[in-house]
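Hi,

Here is the structure I promised you. Please open it and read my notes alongside.

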Amino acid sequence: MYNDNPTLKGIKKEIDEKKQGEVFYQEVNIDEPDGKKFYIESYGCQMNFSDSEIVASILGEAGFSATKFMEKADLILINTCSIREKAEDTVRKRLRIFNKMKRQKRGTMVGVLGCMAERLKKKFLEEEKLVDMVVGPDAYRDLPKLVATAEDGNKAINVHLSREETYADINPMRLGSNGVSGFISIMRGCDNMCSFCVVPFTRGRERSRDAFSVVAEATDLYNKGYKEVTLLGQNVDSYKWQNPENEQVTTFANLLEMVAQVHPDMRVRFSTSHPKDITDEVLFTMKKYENICKYIHLPVQSGNSRILEKMNRTYDREWYEKKVNRIYEVMPECAISSDFITGFCSETEEEHRDTLSVIEFAKYTMSYMFYYSERPGTLAARKYEDDIPLEVKKRRLAEVIELQRRISHEHNKLDLGKTFKVLIEGDSKKSDKEFKGRNSQNKMIIFPKPSPELASGGEGYKVGDYCNVEVLEVTSATLKGRILEKGK
Ligand code: SAH
Ligand code: SF4
Ligand code: F3S
């Protein structure tokens, strides 16, 4: 995708050079033929990517069509992330490029959306003089009006945070989809106050979306040929929706079950689970449905109880270990992954070693790993000194990455010789003679495409099919195998 788009080459290189998980970027694969055009780049988490699809839908209604070529755009948008300083630096760098474009092509408008817009508000327009629009995550319905204001040559801003907005009625325009896996936001905001985290400030209060609108979106995706949905929220396990008509409450476990029942051939995933909120009810719902993937992203952040308390995660090491044990007890085949922050305020070497040991304990299949980046306005920024030198934070991060790589490899080795049901997502990165797909545990498996005659039924395999793959080789990042027989 990057290859035919020169404007994305630079950013691809930039992202490739960064450590795993440092800055996430969504690719757009659409170029609609007519009308006024918008181009959108998105950074940050899946929820931001999903928001960009809502933005695209709102702009579509307002007469704009999407393009993956920045040069063609009348409106350039960047959906931003504030989670770490580096994420914000990336946005500023991109804005310099957009501004160059603006000077070359008069009349081009530049808009900043998302978390950084929300964090900096009016200040953004003062700091980045060439930006025309600043729009926070709860104000996207206002975009047509804001664009009109900007078209008239005025600065436009709406950073109002809402207690109700869930965009439940908006049918997202899938921007970077492979046509197999779709993402559905089921809630917005976050009511936790992890002391390091900027999200509660940029996304506002937690609110859950109408359960029936979630099921309707999942059904619509299935009818369009999708085979997998991922339910998204900062803290999905605290999903709670009360039906205004009969006051009946839908919990996350209820919602999971409702979505799993859309069709047995459609897989259900979810992210993120806060360890304090994931319940037995959720675990047993997962166990009950074959199509709910046996994979939980359960970020621990640190393996040390004193640091966890300072982080305001509301669980300690012992409690977390019990939760992990419970997951393996209910679903021995379940995979667990995590997020880590190294070098949080006052973390000692010994406390850092507790983080290493929790990786060994939980046997994560993979993790997103970061060093602590102080965020203005957060509890930690106000209360604690950011006192671990950068090189120490980085060295600890390198140790965490190294150990996780070894544990991932060991975990993958246990899969040698096993057969998994894999959903084919597309060609592998390296070759169009190979497919890639994931098993229930979210592990990527690469395997040669079989010749059509070999597949029973004769019609061969295509993207979106399930197949059974035997694992023959493993690295720390992927499994390699061969197709056994036609799956369902
Ligand atoms: N809601 C999710 C996490 C959202 S942010 C949860 O509670 O797990 C994604 C990850 O970014 C976090 O899990 C954390 O590991 C990391 N992160 C958040 N704030 C950070 C900061 N100030 N510095 C470094 N990493 C941070
Ligand atoms: Fe941030 Fe904590 Fe909320 Fe996750 S749960 S978004 S880390 S405040
Ligand atoms: Fe970033 Fe905002 Fe998501 S800060 S991680 S884009 S909620």
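**Around ligand 3**

The residues around ligand 3 are Cys 45, Asn 48, Thr 80, Cys 81, Ser 82, Ile 83, Cys 115, Arg 203 and Gln 234 (a heavy atom within 4 Å of it). This shell divides into 4 nonpolar, 4 polar and 1 charged. Ala, Val, Leu, Ile, Met, Phe, Trp, Tyr, Cys and Pro count as nonpolar, Asp, Glu, Lys and Arg as charged, and the others, Gly among them, as polar.

**How to read it**

This is a predicted model: local features need pLDDT of at least 70, side-chain atom pairs pLDDT 80 or more, while totals for chains, interfaces and linings use all residues. Residues are numbered from 1 along each chain as its sequence is written, chains are lettered from A and ligands numbered from 1 in the order written, and side-chain values use heavy atoms, without hydrogens and water.

**Around ligand 1**

Ligand 1 has 15 residues around it; Phe 196, Gln 234, Gln 301, Asp 339 and Ser 373 come nearest. A polar side-chain atom of Gln 301 lies 2.7 Å from an oxygen atom of ligand 1. For Arg 84, a polar side-chain atom lies 3.1 Å from an oxygen atom of the ligand. Ser 373 places a backbone N or O atom 2.8 Å from a nitrogen atom of ligand 1. The protein covers 90% of the 540 Å² of accessible area that ligand 1 has on its own (Shrake-Rupley method, 1.4 Å probe). The shell divides into 7 nonpolar, 4 polar and 4 charged.

**His 411**

Is His 411 buried or exposed? His 411 is buried, at 19% relative accessible area (buried means under 20%, exposed over 50%, partly exposed in between; 1.4 Å probe, protein chains only).

Best wishes

How values were computed:
A polar contact is a pair of N or O atoms within 3.5 Å; within protein, one must be able to donate a hydrogen and the other to accept it, and residues adjacent in sequence count only if both atoms are side-chain atoms.
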